[in-house]
Amino acid sequence: MSKGERTRAMILDEALALSSTDGLAGLTIGSLAERLGMSKSGLFAHFGSKEQLQAAVIERAGEMFTDVVIRPSLEKPRGLPRVCALFENWIDWTKGAGLPGGCPMQSASLELDDKPGPLRDLVAHQQDRLRSFIARGVRMAMEEGHLRPDLDVDQFVFEGISISFGFAMNHRLLNHPDAEQWARNAIRGLVQRSLPDKT
């Protein structure tokens, strides 16, 4: 990477950490410049506005989630092993994403759900892509005979994502010691209910 690209990446990493604790609304050019020891004009050279900075942070968060959760799941065999790996990776991501405030995409989903605009649309697009990815994995598992042929794919995806979001709340907000076990039990139960009938 060029020096400018390295600087931009460094700014984005710091902005991502800041937004994970303060939310996108708390991410400003001024607060980030102070944290980095840079001038506001120096930041503006890389991001022309607060909105552009926020959008870049959302995209970077999506890239991190892809690298940590999605891409490793693709190394597993096609079908149910891949679906299970994704949810396992997601639990691990929630536990240790390397960000002080946890998953910024989940935070942004709650922060922006009733605030129409480009940022909300960007977060919605990222979450919709995740839903579609999981749905494709479930359909592949059905094609492989790992899951029953009459499975309601949308319901499976809804429950899987709900379990992952619920785990984050119980683990991070409530700090419940059994949260991880609950999440793993819930995913296991969802899969068990979706297996083909052996009779």
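**Entry 1. His-171**

I started with His-171, which I found in helix H8, residues 153-173. The model I am reading is a predicted one. Is His-171 buried, exposed or partly exposed? I noted a relative accessible area of 24%, so His-171 is partly exposed, given that buried means under 20% and exposed means over 50%.

Next I looked up what His-171 touches, leaving aside its neighbours within four places in sequence. I listed Thr-94, Lys-95, His-176 and Ala-179 as its contacts. I also took one distance from His-171: its C-alpha atom is separated by 23 Å from that of Ile-134, and the two residues are 37 apart along the chain.

**Entry 2. Asn-175**

I moved on to Asn-175, which sits in the loop between H8 and helix H9, residues 179-194. The phi of Asn-175 is positive, about 55°, although the residue is not a glycine. I read a relative accessible area of 59% for Asn-175, so I put it down as exposed.

**Entry 3. The whole chain**

I then stepped back to the protein as a whole. How many helices and strands are there? I counted nine helices and zero strands. Written from the N terminus on, the elements read α-α-α-α-α-α-α-α-α.

For the dimensions, I have the C-alpha trace spanning about 70 × 35 × 30 Å along its principal axes. The protein has 199 residues, and buried residues make up 43% of them. I also checked the contacts between residues at least 6 apart in sequence; 65% of these join residues at least 24 apart.

**Entry 4. What the UniProt record lists**

I looked up the annotations. The UniProt entry, which is unreviewed, gives "domain: HTH tetR-type" for residues 5-65. In the model, I find that residues 5-65 are 77% helix and 0% strand. The end C-alpha atoms of that stretch are 21 Å apart.

The unreviewed UniProt entry also lists a "DNA-binding region" at residues 28-47. I find 65% helix and 0% strand over residues 28-47, with the end C-alpha atoms 11 Å apart.

**Entry 5. Helix H2**

I took a closer look at helix H2, residues 29-36. Its buried residues include Ile-29, Leu-32 and Ala-33. Why do I place them on the same side of H2? They cover an arc of only 100° around the axis, and therefore they lie on the same side of the helix.

I then asked what covers the buried residues of H2, and noted that the cover includes helix H1 (3-22), helix H3 (40-44) and H4. Gly-37 follows H2, and its phi is positive, near 70°.

**Entry 6. Ala-17**

I picked Ala-17, which has its place in helix H1. Ala-17 has 12% relative accessibility, so I count it as buried; the cut-off for buried is under 20%. Apart from neighbours within four places in sequence, Ala-17 is in contact with Arg-35, Leu-99 and Pro-100. I also noted that Ala-17 and Met-140 are 123 residues apart in sequence, and that their C-alpha atoms are 35 Å apart in space.

**Entry 7. The cavity**

I turned to empty space. Rolling a probe the size of a water molecule over the atoms shows where such space is left. I searched the whole structure and found one cavity of 30 Å³ or more. About 60 Å³ of space lies in the largest cavity.

Which residues line the largest cavity? I wrote down Ser-19, Gly-23, Leu-24, Val-57, Ile-58, Ala-61, Pro-104, Met-105, Ser-107, Ala-108 and Glu-111. By class, the lining of this cavity comes to seven nonpolar, three polar and one charged residues.

I also sorted the cavity lining by helix. H4 (50-73) and H6 (104-112) each supply at least two of its residues. H6 gives the most, with five residues.

Last, I looked at the largest pocket, which has a volume of about 340 Å³. I have 17 residues lining the largest pocket, and the closest to its centre are Gly-62, Phe-65, Thr-66, Ile-70 and Gln-126. Which helices each supply at least two residues of the pocket lining? I noted H4, H6 and helix H7, residues 118-143. By class, I recorded eight nonpolar, five polar and four charged residues in the lining of the largest pocket.

Note on methods: Residues are numbered from 1 along each chain as its sequence is written. This is a predicted model: local features need pLDDT of at least 70, side-chain atom pairs count only at pLDDT 80 or more; totals for chains, interfaces and linings use all residues. Side-chain values use heavy atoms; hydrogens and water are left out. Helices (H or I, at least four residues) and strands (E, at least two) are DSSP runs, numbered from the N terminus. Buried means under 20% relative accessible area, exposed over 50%, partly exposed in between (1.4 Å probe, protein chains only). Contact means heavy atoms within 4.5 Å. On a 1 Å grid over the protein atoms alone, a cavity is a set of points where a 1.4 Å probe fits but cannot get out, and a pocket is an open set with protein on both sides within 12 Å along at least five of seven lines; lining residues have an atom within 4 Å of a point. Grid points are joined across faces, edges and corners, and a volume is the space filled by probe spheres set on the points. Ala, Val, Leu, Ile, Met, Phe, Trp, Tyr, Cys and Pro count as nonpolar, Asp, Glu, Lys and Arg as charged, and the others, Gly among them, as polar. UniProt positions are given in the numbering used here, feature names are shortened, and annotations may be inferred rather than shown by experiment. The arc is that of the directions from the helix axis to the C-beta atoms.
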